[in-house]
Amino acid sequence: MKQFEVFPGKQLSRRQILTGTAAFGSLLAAGALTGCGGNAQAAGVRDIGFWHLLSGGDGIKMQAMINGANQANPAFKVHPTVLAWGPPYYTKLAMASAGGRPPEVAIMHASRVPGYAPGGLIDPWDLSLLAEHGVTGADFAPRIWEKSQQDGKVFSIALDSHPFVMFYNTDVARKAGVLAGNGQLEDVASPQEFMDLAREMQKVTKAHGLSFGYLGSGSQMWRLFYTLYKQHGADISLTPGQPMKVDRDAAIESLEFMASLFDDTIAAKSGDISTGIAEFARGDSGMLFSGVWELPTLKKAGLPVDAATIPTLYGTPAAYADSHSFVLPRQLNVDEAKRRDVYKFVSDVLKGSLSWAEAGHIPAYQPVVRSQAYKDLTPQVHYANAADVIAYDPESWFSGSGSDWQTYFAENVQNVLLGRDKAAAGWDAFEERTNHLLSMPNPV
């Protein structure tokens with residue numbers, strides 16, 4: 001029987017995965033990951049297990065929304081279980097679904113859903129039941145709603161979109177003379193214009209114009225690369241059993257531009273994301289490329305910070321993004337009362353997602369985005385348009401946030417950014433690794 005690698009060092013057969021009798025079986029049977037039970041159940045209140053991978057400020061915000069939903073709905077109580085971000089989380093979620101002991105609801109990145117829906121590890125949403133709670137497809141931005149679907153069924157309900165954006169220091173920008181009349185950063189429309197902008201800011205900071213830490217972070221490298229690649233109007237297609245379809249010229253040009261930024265004037269030659277954020281926070285650069293989730297950290301630092309979508313440098317507006325989305329892990333025996341509770345819980349969280357916006361994310365539920373309260377949030381309102389141009393990862397069982405595929409990207413591209421390899425060589429090596437993955441079956 002064929003063996004499939006679910007995560008490094010663990011080889012499980014397809015039969016073991018589907019029956020849940022592998023090494024995880026005893027753990028699941030013990031209920032160690034359900035986060036449920038206790039006094040609430042004894043009192044007749046239905047317990048709802050909820051797994052997510054949100055920590056730090058995001059975790060605090062999510063807990064507050066959970067508390068609000070619990071207080072508003074005395075018939076049930078949501079019990080969150082927070083697991084480590086990345087491959088461990090998705091492996092455990094797959095094993096729980098396969099083993100018949102999953103939570104009633106979970107968070108997944110929208111980009112990871114294509115690897116789970118075809119294998120029956122998550123259930124589709126009942127749109128009529130969702131509508132009973134005042135939530136319909138018309139309440140979501142078109143690109144976000146489209147991403148929620150697989151084979152004509154809705155498998156995820158997005159809480160947000162969290163794009164890769166450009167933060168900037170308004171004091172530095174003002175001194176550099178690069179603010180437009182509306183007080184926001186002036187528009188640039190080409191790689192050269194952006195580099196000129198960064199150099200003007202460097203004259204003010206005396207350090208760097210742009211912060212972008214990337215060492216050891218495939219996700220950080222991929223987010224900027226894929227933004228620039230999609231701005232070429234190019235796509236990537238990952239079809240099982242076939243070579244990756246890609247615009248090689250656009251890929252190489254994007255990598256070459258990225259490498260050109262690290263000249264110790266525009267940006268530091270090397271550094272990780274933590275050093276990049278720290279540099280920007282202390283005023284040693286004028287701009288920072290990172291995710292919207294960094295906004296609370298930057299505000300806490302007392303920076304005069306604003307933000308915008310990544311400038312369109314190659315003609316087509318695009319911004320890498322993903323969505324934290326609610327999914328229904330497959331249940332061996334669905335408890336209809338609990339499932340209805342999940343729909344109510346999710347609808348309550350969506351309708352109360354203004355607090356989630358305060359953490360930097362763009363709410364997926366458009367009535368919140370259209371509210372005056374959201375329009376009063378700055379700088380969030382200045383990049384809200386990113387929801388119209390977001391670019392999710394190309395779909396495959398191995399792609400998406402927290403995937404090993406992004407790690408493989410780093411393995412082949414980091415030396416390009418460090419100036420040790422040519423962009424063409426780095427890209428071709430990554431393409432070869434991707435084609436090997438495409439020759440393998442989905443392990444779940």
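Reader: Is aspartate 171 buried, partly exposed or exposed?

Author: The model is a predicted one. Aspartate 171 has a relative accessible area of 36%, so the class is partly exposed.

Reader: How many residues apart are arginine 174 and aspartate 171 in helix α8?

Author: The side chains of arginine 174 and aspartate 171 meet in a salt bridge, with 3.2 Å from N to O. Both belong to helix α8, residues 170–176. About one helical turn separates them, because their spacing in the helix is three residues.

Reader: Which strand holds arginine 46, the partner of aspartate 341?

Author: A search of the whole structure finds 14 salt bridges. One of the pairs joined in this way is aspartate 341 and arginine 46, at 2.5 Å from N to O. The pair links distant parts of the chain, 295 residues apart: aspartate 341 is in helix α14, and arginine 46 is in strand β3 (residues 46–52).

Reader: Is aspartate 341 buried or exposed?

Author: The cut-off for buried is under 20% relative accessible area. Aspartate 341 has a relative accessible area of 7% and is therefore buried. For aspartate 341 the answer is buried.

Reader: How many residues apart are glutamate 358 and lysine 61?

Author: Glutamate 358 and lysine 61 form a salt bridge, their closest N and O atoms being 2.8 Å apart. Glutamate 358 is in helix α15 (residues 354–358) and lysine 61 is in helix α4 (residues 56–72). Relative accessibility is 39% for glutamate 358 and 24% for lysine 61, and the two count as partly exposed.

Reader: Which residues does arginine 339 contact, leaving aside its neighbours within four places in sequence?

Author: Arginine 339 lies in helix α14, residues 336–351. At 13% relative accessibility it counts as buried. With those neighbours left aside, arginine 339 is in contact with Asp123, Leu328, Pro329, Gln331 and Val334.

Reader: Which residues does serine 396 touch, not counting those up to four places away in sequence?

Author: Serine 396 is found in the loop between β17 (390–391) and α18 (404–417). Its relative accessible area is 9%, so serine 396 is buried. Apart from residues up to four places away in sequence, serine 396 touches Pro114, Gly115 and Leu238.

Reader: Which residues form the negative surface patch that includes Glu253?

Author: Glutamate 253 is placed in helix α11, residues 248–261. It is partly exposed, with a relative accessible area of 37%. The negative surface patch is formed by Asp247, Asp249, Glu253 and Glu256.

Reader: What is the phi of lysine 206, approximately?

Author: Most residues other than glycine have a negative phi. Lysine 206 is in the loop between α9 (191–205) and β11 (210–211), and at 68% relative accessibility it counts as exposed. Although it is not a glycine, its phi is positive, at about 65 degrees.

Reader: What is the phi of aspartate 264, approximately?

Author: Aspartate 264 is in the loop between α11 and α12 (273–281). With a relative accessible area of 39%, aspartate 264 is partly exposed. Its phi is positive although it is not a glycine, at about 70 degrees.

Reader: Is the peptide bond from threonine 378 to proline 379 cis or trans?

Author: Most peptide bonds are trans. Proline 379 is in the loop between α17 (372–375) and β17. The bond from threonine 378 to proline 379 has omega near 10 degrees and is cis.

Notes. Residues numbered from 1 in each chain as written. Predicted model: local features only at pLDDT ≥ 70, side-chain atom pairs only at ≥ 80, totals over all residues. Heavy atoms only, no water. Patch = residues over 30% accessible without salt bridge, like charges linked within 9 Å, V, L, I, M, F, W, Y side chains within 5 Å. Areas by Shrake-Rupley, 256 points an atom, 1.4 Å probe, with all protein chains shown as cover. Salt bridge = Lys/Arg side-chain N within 4 Å of Asp/Glu carboxyl O. Lys, Arg positive; Asp, Glu negative; His and termini not counted. Charge placed at Lys NZ, Arg CZ, Asp CG, Glu CD. Helix = DSSP H or I, 4+ residues; strand = E, 2+ residues; numbered from the N terminus. Buried < 20%, exposed > 50% of the residue type's maximum accessible area, 1.4 Å probe, protein only. Contact = heavy atoms within 4.5 Å.
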